[in-house]
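Please look over the structure below together with the questions and answers that go with it.

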Amino acid sequence: MEDGLASWYGPDFNGKPTSCGELYNMWADTAAHKTLPLGTYVKVMNLENGKCTILRINDRGPFVSGRIIDLSAKGAEDLGCRRKGLAKVRVEAVQYATAQVVGNATYWKVDPVPSFRYGKFAVQIGAFRDQANAYRLKEKMARQNLEIRITDKPVRNGLWYRVQVGSYQDLVVAKAELERFRANGFPDAFVIAIEGQ
C-alpha cells in the first residue's frame, strides 16, 4: 500500500500501445504504475473525497517524481478528480477472483496477491528533451561503473530521453539505491520497473 499523488492521462495517448502491448483506451479501468507488475489489479482511493475504484495496471508511469500512479480518464472520473487533474490517493494491490467452470456451475477461485518485491528495477535519474543531454549524463555516470540505459517514449508534450541506472532484482535494494542517488544530487529520482529484459 502506498499514498501519494495521482494524475491521469488521456487523449494524447488514446489508441497508442501501452507497456503491456495493448492499445490504451482512456475509458477503460486501467492505470500506469512505475513498479507494480503489469496485469496487477489495484484499489485506488481518493483520500480527498473517499471515492474508490479498481484498476488494472497495463502501462508504466507516471514519469514525474512525486506522483505514484497515472489513472485512465475513466479512473480519474470514477475518483472525482478528472477536472482537477491531481488527487491525493492510496494505492493497494488487491486480490481478485478467477472463474472456474465445472459442468454448469461456476466457482470463484481467489488468487492471493503475489509479492511485488522481486522483479527487474532501475533508478531513473533524469529525463531530457535533448538527446545530447541524456548522453552527457550517461557518460558522466559511466565513470562510476554503473549499468546505464537511455529509453525514449513519447509523452503528451513530445519525446523525452530517460536516463535509468542499475539493474536490481529486489525492490528494497532499488529503493536503498534511490536514496543514495537522491542524496547525491538527483532529488527527483525514482524507481521504475524494467520491461522485457
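Q: What makes the pairing of the D70 and S7 side chains a polar contact?
A: In this predicted model, where local features need pLDDT of at least 70, side-chain atom pairs count only at pLDDT 80 or more, and totals for chains, interfaces and linings use all residues, the side chain of D70 lies 2.4 Å from that of S7. A polar contact is a pair of N or O atoms within 3.5 Å, of which, within protein, one must be able to donate a hydrogen and the other to accept it, while residues adjacent in sequence count only if both atoms are side-chain atoms, so the pair at 2.4 Å is called a polar contact. Residues are numbered from 1 along each chain as its sequence is written, and side-chain values use heavy atoms, with hydrogens and water left out.

Q: Why is D70 called buried?
A: D70, in strand β5 (residues 67-71), has a relative accessible area of 11%, and buried means under 20%, with exposed over 50% and partly exposed in between (1.4 Å probe, protein chains only), so D70 is classed as buried. Strands (E, at least two residues) and helices (H or I, at least four) are DSSP runs, numbered from the N terminus.

Q: Which residues are in contact with D70, leaving aside its neighbours within four places in sequence?
A: With contact taken as heavy atoms within 4.5 Å, they are S7, W8, Y9, A31, A32 and P62.

Q: Is L36 buried or exposed, and how do you know?
A: L36 lies in the loop between β2 (30-33) and β3 (41-46), and because its relative accessible area is 10%, L36 is buried. Leaving aside neighbours within four places in sequence, L36 is in contact with V42, I57, R60 and F116.

Q: How do you know that the buried residues of α3 line one face of the helix?
A: The buried residues of α3 are L171, A174, L178 and F181. Seen down the axis of α3, they fall within an arc of 70 degrees, taken from the directions from the helix axis to the C-beta atoms, so they line one face. An α-helix has 3.6 residues a turn, so residues three or four places apart point the same way.

Q: What makes the span of α3 close to the expected one?
A: Helix α3 (residues 171-183) has 13 residues and reaches 18 Å from its first C-alpha to its last. The expected span is 1.5 Å times one less than the number of residues, which for α3 is 18 Å.
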